[in-house]
Structures are given as C-alpha cells and as structure tokens.
Amino acid sequence: MTLWEGLAVLIAGVGAGTINTVVGSGTLITFPVLLAFGLPPVTANVSNTLGLVPGSLSGAIGYRRELAGQRRRLLRLGTASLLGGLLGAYLLVKLPSSAFDAIVPALILLALVLVVIQPRVARAMAARRRDGAGSEAGPVLLAGVFLTGIYGGYFGAAQGVLLIALMGMLLDDGMQRLNAAKNVLALIVNGVAAVFFLFTSHLDWTAVLLIAAGSVLGGQIGAKVGRRLPPPVLRGIIVVVGLVAVTRLLIS
C-alpha cells in the first residue's frame, strides 16, 4: 500500500467511524476503498470488520450519557447480537469465497435501499412512539436483532440502520437513546466477528490499523458533531460510494 493509498484508507476510516456513530453504513465507505486498492473481497471484509471495532467502541463511549438506565435492555439484546454476529462470521469463513462474491452486491444494494428510505423509517418510528410502542425487548425484537447480527457478522453494511429501525418501531424510547443502544449492539457484533476472524482468516494488518485509527477519531466526531451534518449529504455520499462498490464487484 502506497503512502497515498494509506492516507485514503485512513480518511475512509474517519468517515466510516463518523457515519457508523450517527446512523450506520460506514462499511460502505471503507469496503469499496479497500477493494479499489486491490484487496480480495473477503480479506477486505474481515480487515474492515476488525478495523472498525475501535471506532464502534469510541462511538459507544461518546454516547455513554444516553446509555444510562439501559443495562437490562442491552444485556438481552446484546446476547442476541453476540450469537447472531458469531453465526454470521462463521458463515463468512465456511462458505466459499464465490458465495461472498455473489451475495455481497445484493447486500450492498439492500443496504443502500435502507439508507435511502431511512427518513421514512424515522417518521414511522416517531408515529409508533406517539401511539405507544412496547417498552421492552420482546421476542420479535430479539429475533430481529439476532438476524441483524447474522447479517452484521457476515458483511455488516447498514446494520446500524436495521437496528435503529427495529428498535424504533418496537421500543418506546427517544432517538438518541436508541442510537446509543445501536452503537453498543453494533460493537458487540463487530467485536465477536473480529475475534473469530483473528483465528480463522487472513487479515491485511496495514488496512486494519489505518481503519482503526481513523474510525476512533470518527467515532468521537460522530458522537459530538456528526448529528449536525445534513442527513441528505451523508446519505448521498453513502449511496454514491455503495454504487461504486457494487460496480467494482460486478466487473471484477
């Protein structure tokens, strides 16, 4: 990796850390950059997952005030995230790389659709809360978080959007508190998948360290000022980068 390529990966890590803390989908920034610099898709994915763990931790710490009083909820949902993330990571390692190459473009397109419709989901969440949604983690939410964990352990782009949508529709709580919980759940998924990959997969450690450094800074930016960035701008960047990633995968 050249100096300029390393700088690009570092900057992508900052962007991913910021976006992950605010809403999710940061993988759609870093993953295409790693692909562009010649990393095989699976290596890029596992290196990206490990690199984003410190950023997820940074974002969760930045939201620590909003986490107050959510211990019981996070223990239940966190267990579902851990089991789902572990299963997703296992599937990534055990399925042939050709399966990843075939599945990931569809997953990226799904993630882009989720990013685009996120404002509509947010409005539905607000209406649901006004109507008095449930207040605790029921079986439907637990199942949804588990399935999102599988998705996150396997690939992970926009798992934050999925988590926010699920919790917003099924829990009666404020957006910032749900976003704080989302950061913790994403950290659990990425963390357990990263530990699994450490013992089972080939990693590009230069990419890991650069994304980690960038995502830590981005996590703090996201927690402090990222909420003030215009959402349409963030969504636009994510969609453009995601479409580039899909094109890159389909023509490679």
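Residue numbers start at 1 along each chain as its sequence is written. Because the model is predicted, local features need pLDDT of at least 70, side-chain atom pairs count only at pLDDT 80 or more, totals for chains, interfaces and linings use all residues, and side-chain values use heavy atoms, with hydrogens and water left out.

**The overall picture**

The protein has 10 helices and zero strands, and its pattern along the sequence reads α-α-α-α-α-α-α-α-α-α. Helices here are DSSP runs (H or I, at least four residues), strands are E runs of at least two, and both are numbered from the N terminus. Of the 252 residues, 52% are buried, where buried means under 20% relative accessible area, exposed means over 50%, and partly exposed is in between (1.4 Å probe, protein chains only). Take the contacts (heavy atoms within 4.5 Å) between residues at least 6 apart in sequence: 85% of them join residues at least 24 apart.

Two packed helices are described by the angle between their axes and the distance between the axes. The axes are lines fitted to C-alpha atoms, for helices over the stretch in contact, and the angles run from 0 to 180 degrees between N-to-C directions.

| Pair | Angle | Axis distance |
|---|---|---|
| H1 (residues 3-22) and H2 (residues 27-36) | about 160° | 7 Å |
| H3 (residues 41-62) and H8 (residues 175-200) | about 145° | 8 Å |
| H7 (residues 159-170) and H8 | roughly 135° | within 9 Å |

H1 and H2 are therefore roughly antiparallel. On the scale used, angles under 35 degrees are roughly parallel, over 145 roughly antiparallel, 65 to 115 roughly perpendicular, and the rest oblique. The H1 and H2 crossing is left-handed, meaning that the near helix is turned anticlockwise from the far one by less than a right angle, while clockwise would be right-handed. On the H1 side the contact includes Ala-8, Val-9 and Ala-12, and on the H2 side Ile-29 and Val-33 are among the partners. Sorted by class, this contact has eight nonpolar, four polar and no charged residues. Nonpolar covers Ala, Val, Leu, Ile, Met, Phe, Trp, Tyr, Cys and Pro; charged covers Asp, Glu, Lys and Arg; the others, Gly among them, are polar.

H3 also passes H8 in a left-handed crossing. Residues meeting there include Val-46, Leu-50 and Leu-57 of H3, and Leu-187, Phe-197 and Leu-198 of H8. This contact has 11 nonpolar, six polar and no charged residues.

For H7 and H8, the axes cross at roughly 135°, which makes H7 oblique to H8. Their crossing is right-handed. Leu-163, Ile-164 and Met-167 of H7 are among the contact residues, as are Leu-178, Lys-182 and Leu-185 of H8. The tally is nine nonpolar, five polar and one charged residues.

Ser-58 sits in H3 and counts as buried at 6% relative accessibility. Leaving aside neighbours within four places in sequence, Ser-58 is in contact with Val-216, Gly-219 and Gln-220.

Lys-224 lies in helix H9 (residues 205-224) and is exposed, at 60% relative accessible area. From Lys-224 to Tyr-63 is 161 residues in sequence and 8.8 Å in space, C-alpha to C-alpha.

Ala-102 belongs to helix H5 (residues 97-130) and counts as exposed, at 57% relative accessibility. Its C-alpha atom is separated by 8.7 Å from that of Leu-250, 148 residues apart along the chain.
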